[in-house]
Amino acid sequence: MPEPTTVSDPVDVLMVEDQEALASSTVEYLTLSGVSAAYVSSAEEAHAALASRKPKLVILDVNLPGLSGFEFCRRLRRERGDIPIVFVSARTAEDGQILALSLGGDDYIAKPYSLAVSFGEHIYLLMGVTF
């Protein structure tokens with residue numbers, strides 16, 4: 001089984017998620033699907049990781065310790081507006097989803113999620129498969 005990539009390696013996907021079990025299982029699924037992926041547990045760690053690398057996708061939780069996913073999205077859009085952002089959150093209220101998308105999020109996936117269903121299209125796009 002392939003080992004998940006560490007945040008110091010180049011990655012296709014950087015996940016920002018403070019729930020370690022969820023982040024680990026998502027990164028493992030992406031890795032087994034042929035996508036290099038790593039995770040960090042805070043927006044501050046993500047900002048540091050993004051200083052030296054450019055993933056093809058950021059998966060971003062809303063409720064993070066310290067800087068929220070919403071605030072980090074705002075910052076990321078100002079600094080590096082071209083990286084696609086997929087929000088993941090237990091927040092299912094429509095206003096949170098609208099806010100995430102209005103801040104520059106490209107997609108919003110509610111937790112709990114099915115890895116194959118929720119990330120299948122994103123994996124194909126990362127691998128260059130078009131529909």
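This is a predicted model: local features need pLDDT of at least 70, side-chain atom pairs count only at pLDDT 80 or more; totals for chains, interfaces and linings use all residues.
Me: In what order do the strands form a sheet?
Reply: Two strands pair if DSSP finds at least two bridges between them. In this model, five strands make an open sheet, ordered S2-S1-S3-S4-S5, with parallel pairing. S2 and strand S5 (107–110) are the edge strands, and each pairs on one side only. As for angles, axes are lines fitted to C-alpha atoms, for helices over the stretch in contact, and angles run from 0 to 180 degrees between N-to-C directions. With direction ignored, neighbouring strands of this sheet are turned by 20 degrees against each other on average.

Me: Which residues stand opposite each other in the sheet?
Reply: Take S1 with S2: they pair in the parallel sense over four bridges. There, Val 16 stands opposite Val 40. S1 also pairs with S3, parallel and over four bridges, and Leu 14 faces Val 58 as its opposite residue. Four bridges join S3 to S4 as well, running parallel. In that pair, Ile 59 stands opposite Val 86.

Me: Which helices pack on the sheet, and at what angles?
Reply: Contact means heavy atoms within 4.5 Å. H1 packs on the sheet and touches S1, S2 and S3. The direction of H1 makes about 165 degrees with that of S2. H2 lies across S1 and S2, at about 160 degrees to S1.

Me: What is the handedness of the unit made by S1, H1 and S2?
Reply: A crossover is right-handed if, with the strands pointing away from the viewer, the path from the first strand over the helix to the second runs clockwise. S1, helix H1 (residues 20–32) and S2 make a right-handed β-α-β unit.

Me: Which residues of S1 are buried?
Reply: Buried means under 20% relative accessible area, exposed over 50%, partly exposed in between (1.4 Å probe, protein chains only). Both faces of S1 are covered. Val 13 and Met 15 are buried on one side, Leu 14 and Val 16 on the other. Across the 131 residues of the protein chain, 45% count as buried.

Me: How many residues does the largest nonpolar core have?
Reply: A nonpolar core is a set of buried Ala, Val, Leu, Ile, Met, Phe, Trp, Tyr and Cys residues joined through side-chain atoms within 4.5 Å. The largest one here has 23 residues, and Leu 60 and Phe 87 have the most contacts inside it. Among the elements that each supply at least two residues are strand S1 (13–16), helix H2 (43–50) and helix H3 (69–79). Apart from this core lies another, of 16 residues, among them Leu 22, Leu 57, Ile 59 and Val 86.

Me: What does Phe 87 touch?
Reply: Not counting residues up to four places away in sequence, Phe 87 touches several residues, including Leu 60, Phe 70, Cys 73 and Ile 109.

Me: Which side chain makes a polar contact with that of Asp 61?
Reply: A polar contact is a pair of N or O atoms within 3.5 Å; within protein, one must be able to donate a hydrogen and the other to accept it, and residues adjacent in sequence count only if both atoms are side-chain atoms. Asp 61 is found in strand S3. The side chain of Asp 61 makes such a contact with the side chain of Lys 111, at 3.2 Å. Asp 61 counts as buried, because its relative accessible area is 3%.

Me: What does the side chain of Ser 89 reach?
Reply: Ser 89 lies in strand S4. Its side chain reaches the backbone nitrogen of Arg 91 at 2.9 Å. Ser 89 is buried, with a relative accessible area of 0%.

Me: Where is the cis peptide bond?
Reply: The bond from Lys 111 to Pro 112 is cis, with omega near -10 degrees. Pro 112 lies in the loop between S5 and helix H5 (115–126).

How values were computed:
Residues are numbered from 1 along each chain as its sequence is written. Side-chain values use heavy atoms; hydrogens and water are left out.
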